[in-house]
Amino acid sequence: MAPDASVFSPPPWRVSLMAALPIGLCLLVMAVPAVGHGHALAYRTLYLLAFLAGCRC
């Protein structure tokens, strides 16, 4: 007998990762045009690290 799909629930880390991936990808896409302008890369890296620390994936 096949397991009931309504009983299955993904682990919490997987749900967090699925939510964090699109946001992280958007941060990377927004950072690409600003890479060559002064300290933009440092600021974008700081934003990404703050995001990752906040989501605790």
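Is Cys-55 buried, partly exposed or exposed, and what is its relative accessible area? Cys-55 is partly exposed, with a relative accessible area of 23%; buried means under 20%, exposed over 50% and partly exposed in between, with a 1.4 Å probe and protein chains only.

This is a predicted model, in which local features need pLDDT of at least 70 and side-chain atom pairs count only at pLDDT 80 or more, while totals for chains, interfaces and linings use all residues. Residues are numbered from 1 along each chain as its sequence is written, and side-chain values use heavy atoms, with hydrogens and water left out.

Start with the whole chain. Two helices and zero strands are present; helices (H or I, at least four residues) and strands (E, at least two) are DSSP runs numbered from the N terminus. Of the 57 residues, 9% are buried.

Next, select residues 12-31 for helix H1 and residues 40-55 for helix H2. The two pack at an angle of about 175°, with axes 10 Å apart; axes are lines fitted to C-alpha atoms over the stretch in contact, and angles run from 0 to 180 degrees between N-to-C directions. H1 is therefore roughly antiparallel to H2, a label for angles over 145 degrees.

Now show side chains at the contact (heavy atoms within 4.5 Å). H1 contributes Ala-20, Ile-23, Gly-24, Leu-27, Met-30 and Ala-31, and H2 contributes Arg-44, Leu-48, Phe-51 and Cys-55.

Finally, return to Cys-55, which lies in helix H2. Select Ala-20 with it: the C-alpha atoms are separated by 7.3 Å, at 35 residues apart along the chain. Then select Ala-19, in helix H1, which is partly exposed at 45% relative accessibility. From Ala-19 to Cys-55 the C-alpha to C-alpha distance is 9.2 Å, and the two are 36 residues apart in sequence.

Notes: Parallel < 35°, antiparallel > 145°, perpendicular 65-115°, else oblique.
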